[in-house]
Amino acid sequence: MKAPERQTKIIATIGPATESDKMLESLICEGVDVMRLNMAHASHQWIREITERIRRIGKKVNREPAILMDVKGPEIRTGYLQTSVCLKRGDLIDLVFTTQPEPPKIDEVWQIEVNYDKLHEHVKSGNNVLLDNGLIPLLVVEISPQKVRCRVLQDAELKSRRHVNLPGIETGLPSITEKDRLDTLVGIECEHDFFALSFTRDADAIDLFKSFLKDNDSKAQVIAKIEDQQGVSNLEEIVSAADGLMIARGDLGIECPFEELPIIQRKSVSVCLAKGKPVIVATHLLESMIESPVPTRAEISDVANAINEEADCVMLSGETTTGLYPIECVRMLKRISSRIERELPPVLSESLRLFRPKAKMLRSAALLALRMENAAVLVFTRSGDLAAKLGALRPNGAPLYAFTDIPGLHRRLRLIWGIEPFLMEFSQDPEQTIQEAIKRLINEERVDTGDQIVTVTNVLADGKVVESIQLREVDEMLKLADSKAK
């Protein structure tokens, strides 16, 4: 039996360094499972072109990756600057809400535009405001409807259109902006498989976005990104409402104290495992490899920690958009994940709560496969739920094969830990469907004579359809296929 090279999935963000046909084919052949398109830096025309390219190359190499559109979400930014502003510790700046061609300095106070005219309603004197991803800390000293006056806490250089973060402060920003709607419509047109919703604060934001997808006839799934304290506080309800979770450690590390990040990550993975939802660990995994051919030892440990915690996916951002070594980054994630997985004990996760009888049978099927040599688990699914539950059980070391007859679902299943998906027409006869699936596995050299396949499927008994766990030996299937051919 062909043992899985790794069971943790890999997401790569596509950008200038990886948008060519050659690079996309290399990424897919190296094992990238999901391609992420970041709408903070993408035009609609580029989205259409890159989507067509990914789909075409995926079919060419017979391994179709899923596509995830990461919508920008609500954000506060400073205004456009033709030249950067040198700030000194102790300087005063006014965050104002009117467009300035250049930031004037009035009475020794810099006037810096921000794009959120209700900022004064949410901050108080003594609050911290962070500019440029936390690199420029400010202290609020005075508030009026026209401006928020702040004191600069350290020397810094402010460039054009920098992020504004308000740690621990709830804002009235909309869950979905007009830009998000327009971008999402292009993703729906291109039949993207996932949409990641930035700055998800509660379950209502997920429900609203899902309604928008449904109203526009999209079957895509929604990945919630937790990036601030409000999202962390509502973690349980967000995971329940979403189809998956992304731990976006960039903004999260600005909005929350640094020392809380590992705790938030571990808790988020645990909640997702318990609910059978895929979870992605993202941002800064191999940041040094944007310019270096090898990672730091701390980065290796960080990735290993995500694997140990049993995250479904690890994600690359700048490493594969503008980095010098995108393919090497993917190979590094493969090396680390495959090695760490070999150290994980071959036991099932006890976190997942199973309710339906067929789902409960999965636990027995997965345990049986783990206890036998050369055994795999085979499931058939039309909703993806059974495959998601199987992956969430984390039967480490057992190949997990999921067959579906729903186009598009076979790509979405690539997000789930350990699942190798296949698209195949189903027969009305469950036995015929099983035989065709096993033949496919034989033809692709994933199983061989003497291998055992544990499957959860329907059988007819006294005219009734009942659920069953079956154990098939591959040499018997080979003989059966050969006799039918004759």
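View 1. Of the 70 residues in the largest nonpolar core, Ile47 and Leu245 touch the most other members. Helix α11 (residues 326–343) gives the most to this core: 7 residues. A nonpolar core is a set of buried Ala, Val, Leu, Ile, Met, Phe, Trp, Tyr and Cys residues joined through side-chain atoms within 4.5 Å. Helices are DSSP runs (H or I, at least four residues), numbered from the N terminus. The model is predicted: local features need pLDDT of at least 70, side-chain atom pairs count only at pLDDT 80 or more, and totals for chains, interfaces and linings use all residues. Residues are numbered from 1 along each chain as its sequence is written, and side-chain values use heavy atoms, without hydrogens or water.

**View 2. Ile47 and its contacts.** Ile47 touches Leu37, Met39, Ala42, Met69, Val186, Cys190 and His192, not counting residues up to four places away in sequence. Contact means heavy atoms within 4.5 Å. Another core, of 29 residues, lies apart; among its members are Ala375, Val377, Ala392 and Trp417.

**View 3. Thr320 in helix α10.** Helix α10 (residues 318–321) holds Thr320. Thr320 counts as buried because its relative accessibility is 0%. Buried means under 20% relative accessible area, exposed over 50%, partly exposed in between (1.4 Å probe, protein chains only). Beyond four places in sequence, Thr320 is in contact with Ala12, Thr13, Gly15, Ala17, Thr18 and Pro326. Thr320 and Ile11 are 309 residues apart along the chain, yet their C-alpha atoms are separated by 9.8 Å.

**View 4. Leu368 in helix α12.** Leu368 lies in helix α12 (residues 357–371). At 32% relative accessibility, Leu368 counts as partly exposed.

Note on methods:
Helices (H or I, at least four residues) and strands (E, at least two) are DSSP runs, numbered from the N terminus.
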